[in-house]
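Subject: Structure handover

Hello,

Here is the structure for your files.

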Amino acid sequence: MKTSFKALCAGAILGAASLLPAQAANMVLVNVDPAGIGFNDPTPATPVGGNPGTTLGQQRIIAYSRALQLWGSVLKSDVPITVLGSFSPLPCTATGGTLAQAGAWNGEINFKPGIPVNTIYPSALANAMAGIDLYEGNPASPDGALIDGADIAAFFNGNVGTPGCIEGSPWYYGLDSNSPADKTDFLNVFMHELSHGLGFANWVNEATGVRAAGLNDIYMTFQKDLATGKLWSQMTGAEIVAAATRDGQEVWVGPNVTARAPSMLDRVQMLTITAPAGVAGQYDFLGGASFGSVPTSAAFTGEVVAALDAADAAGPSVNDGCSTPFTNDVSGKVVIVRRGTCGFAVKAKNAQLMGAKAIIIANNAAGTGPMGMGGTDSSVTIPAISVGTDNGTALIAAGSFTSAGFTPHPTRIAGLASDGHLRLYAPTAVAVGSTASHWDVVAEPSLLMEPFNTVLLEASHNVDLTVSLFEDIGWKTEISLAGCGAGSGTRGASVTGEIYAAPIFICADNAATKGDFQSCTVQHLSNLRNAGIISGVTKGTLGVCAANGK
Ligand SMILES: [Ca+2]
Ligand SMILES: [Ca+2]
Ligand SMILES: [Ca+2]
Ligand SMILES: [Zn+2]
């Protein structure tokens, strides 16, 4: 069967295909950009971050190829994985638009005994498991067999950062995961997007509950809803729609992720009140408001007061922070107010006008926890966090109390649900293509497969729990270089996601001569052997392959 991935639009393919040489392992870029555009853009560029390209098009191809090399060095497949790539313009405006569209291009079912029946696998994984190219493509298709039979499509918006298109965050094409803050790290983003195409995504539409071709997919068989105790593969479409927005209750039950996540994630940060005794303790909170500065522990340390304001038309309670001036002095202090009547950003702006250094907003429906806070006001500079309704009631009643800022909870892990499994992204407003096919944003430190790019990612050498999820859905890993595999039993990445071959690619970036490259490579392979990751024989084999591949 053939199933086009939901996030992609076949109309986005432009021009004739030109096949580039195979990558180090076996992931192949099919450049579908027309002459002079995207990957073929001749605009001069200055080499950056280990990327030696001297035109925009060259830098794009080099960075794109590095991501293919990195995944190719980790995942085991005897079948080339073909990736349709484009850097042509995608729809956008000055402030928003599409950064990238990526996903599996074909799916396969029932290709081998012993796998779940009538369950879609992305073709890259299915081919690897079957050991053959299960669908070579239809030569009569409008784009030809090569494109029709490809495994992954990854289209990037070549216009990002130019006037009229997501201005202010152009792509950074360095290979070192060291993007300046005002640019978007392409290698990190592409490692993320390729992961979707390799299997980090389900095939069901969370807004409608409609399954691709009416079938389950392998990813869904590891998605569990804690409210009903059902796997997504066991649910009706209506049940899937309901589950998709149960924030905090959708989890991944694959054994590799479940075993490794706890040791890779930090403990949950809690708002910590030290006095008076009646309210002392640790409180759950949420940051991540769409206005104000990033909440820091320091900003929420010190005296906290319940702000008092008029009971008036702007806000009928004296704790809602909807009116200025406040009737008590909050200057230099943290304030706490109640959700309701006026917007979150309005409350924050009022607190700021009264001289507060930070704001806590308490939820207002009985029994509910901290909430995400939307709203925009670029003049708000103080940070905001939220707390749950009942906690907020106690804190506001206390009137004034002392905070020690954020401290880690003794046991709870950031990103894990109450049952110990890693949470999937399930915001209360469904985001089709994003919901469930990412980790929840509450995971800390942030993971490659959270829905938003974060500055601390280093996908040039570490992909954290992504490989563990791949192993859960059936991928085998094996360190390989320049098309030579280390042999079965040798992992391609550590259990913490460190890509074993990555330093050798960096050797290649930095070496002035072939001799420099060989000595750098041998040094790294010796490190892997000394760490017990590869054998002495494998060290020799990979060294020869790497030298030939340079
Ligand atoms: Ca194929
Ligand atoms: Ca009021
Ligand atoms: Ca996070
Ligand atoms: Zn994504």
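This is a predicted model: local features need pLDDT of at least 70, side-chain atom pairs count only at pLDDT 80 or more; totals for chains, interfaces and linings use all residues.

Residues are numbered from 1 along each chain as its sequence is written, chains are lettered from A and ligands numbered from 1 in the order written, and side-chain values use heavy atoms, leaving out hydrogens and water.

Metal donors are N, O and S atoms within 2.8 Å of the metal (3.2 Å for Na, K and Ca); water is not among the atoms, so sites may look incomplete. The zinc ion (ligand 4) is coordinated at 2.0 Å by NE2 of His192, His196 and His438. His196 lies in helix H4 (residues 186-198) and His438 in the loop between strand E21 (422-423) and helix H9 (466-473), so the pair ties together parts 242 residues apart in sequence. Helices (H or I, at least four residues) and strands (E, at least two) are DSSP runs, numbered from the N terminus. Both His196 and His438 are buried (under 20% relative accessible area, 1.4 Å probe, protein chains only; exposed is over 50%, partly exposed in between).

Donors to the calcium ion (ligand 2), at 2.3 to 3.1 Å, include Asp309 (OD), Ala310 (O) and Asp320 (OD). Ala310 is partly exposed at 32%, and Asp320 is buried at 3%.

Rings of Phe, Tyr and Trp (its six-membered ring) pair if their centres lie within 6.5 Å; planes under 30 degrees apart are stacked, over 60 edge-to-face, the rest tilted. The count comes to 26 aromatic pairs. Phe87 and Tyr173 are edge-to-face, at 6.0 Å and 65 degrees.

Regards
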